[in-house]
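Here is a short report for a reader new to this structure. Please keep the sequence and the 3D view open while reading.

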Amino acid sequence: MAILKIARMGHPVLRQNARPVSDAALPDLRQLIGDMSDTMHDAPGVGLAAPQVLVDLRLILYRVPADRVGDGDVVVPDTVLINPEITPLTDHMVLGWEGCLSVPAFRGLVPRHTHIGYCGLRPDGSRVEGEATGFLARVIQHECDHLDGFLYIDRMHDLRLLVHEDEVDSFRFSDYIDSDNNA
Ligand code: NI
């Protein structure tokens, strides 16, 4: 077990386009995935992208734990997606709270597509494709953004919706909501 160092906002690795993985079945990749899983659970977090642990590869890890399941969501165990590609399947976007292990202590209300298609490789090299909605769609969009050098704050339209994690419960959404925020 290894807990990896997580790059924080400001580190250049978080602003780069990550390199595609050329061989999904590499033994080194198994080690990386195991260490990323340990790191994600230790944090704890619901997703981690390889650039966040200073590895310049297009690989993401994510999960939907029982305590994050919302309406229509299902629990998703630790899942690896290599060289992922996503396609919005609706123009509809909704705001939802996000945090990021590379942006500690903050939460933001971020607009994301509610329904996406995704494809990529599993660690054994097999190809997978599927669709995701709700919280899972949000997590996959967040993690894939890391592979292109984006943080969730880049997706926000109104930085008044960025708050310290200790103030999430005192935040009054109705003070800020307008048509732009709900677009
Ligand atoms: Ni993140």
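## The largest pocket

The largest pocket holds about 600 Å³ of space. A pocket is found on a 1 Å grid over the protein atoms alone: it is an open set of points where a 1.4 Å probe fits, with protein on both sides within 12 Å along at least five of seven lines, and lining residues have an atom within 4 Å of a point. Grid points are joined across faces, edges and corners, and the volume is the space filled by probe spheres set on the points.

The lining of the largest pocket counts 28 residues. Nearest its centre lie Pro44, Gly45, Gly99, Cys100 and Leu101. Strands S4 and S5 and helix H2 each supply at least two lining residues. H2 gives the largest share, five residues. Helices (H or I, at least four residues) and strands (E, at least two) are DSSP runs, numbered from the N terminus. By type, the lining has 14 nonpolar, five polar and nine charged residues. Here Ala, Val, Leu, Ile, Met, Phe, Trp, Tyr, Cys and Pro count as nonpolar, Asp, Glu, Lys and Arg as charged, and the others, Gly among them, as polar.

## How to read the model

This is a predicted model: local features need pLDDT of at least 70, side-chain atom pairs count only at pLDDT 80 or more, and totals for chains, interfaces and linings use all residues. Residues are numbered from 1 along each chain as its sequence is written, and side-chain values use heavy atoms, with hydrogens and water left out.

## The nickel site

Which residues hold the protein donors of the nickel ion? They are Cys100 (SG), His142 (NE2) and His146 (NE2), at 2.1 to 2.3 Å from the ion. Donors are N, O and S atoms within 2.8 Å of the metal (3.2 Å for Na, K and Ca); water is not among the atoms, so sites may look incomplete. The donor residues follow the spacing C-x41-H-x3-H in sequence. Distant parts of the chain are linked here: Cys100 sits in S4 (residues 93-100) and His142 in H2 (residues 134-147), 42 residues apart.

Cys100 is buried, at 8% relative accessibility. His142 is buried too, at 7%. Buried means under 20% relative accessible area, exposed over 50%, and partly exposed in between (1.4 Å probe, protein chains only).

## The second largest pocket

The second largest pocket has about 180 Å³ of space. Its lining includes Ile86, Met93, Arg112, Gln141 and His157. Strand S3 (76-88), S5 and H2 each supply at least two of the lining residues. Five of the lining residues are nonpolar, four polar and three charged.

## Nonpolar cores

The largest nonpolar core has 19 residues. Such a core is a set of buried Ala, Val, Leu, Ile, Met, Phe, Trp, Tyr and Cys residues joined through side-chain atoms within 4.5 Å. Among those with the most contacts inside this core are Ile60, Tyr62, Leu81 and Tyr118. Strands S2 (59-64), S3, S6 (115-121) and S7 (127-133), with H2, each give two or more residues to this core. H2 gives the largest share, seven residues. A second, separate core of 17 residues includes Val21, Ala24, Leu29 and Ile82.

Leaving aside neighbours within four places in sequence, Ile60 is in contact (heavy atoms within 4.5 Å) with residues including Leu48, Leu81, Pro84 and Cys144. Met36 is found in helix H1 (residues 27-42). Met36 is buried, with a relative accessible area of 0%.

## Backbone details

A cis peptide bond joins Ala43 and Pro44, with omega about -10°. Pro44 is in the loop between H1 and strand S1 (47-49).

Leu54 has a positive phi, near 65°, though the residue is not glycine. Leu54 lies in the loop between S1 and S2, and is partly exposed at 37% relative accessibility. Asn83 also has a positive phi, near 50°. Asn83 lies in S3 and is partly exposed, with a relative accessible area of 21%.

## A buried glycine

Gly149 lies in the loop between H2 and strand S8 (162-164). Gly149 counts as buried, at 7% relative accessibility. Beyond its neighbours within four places in sequence, Gly149 is in contact with Leu14, Arg15, Gln16 and Asp154.
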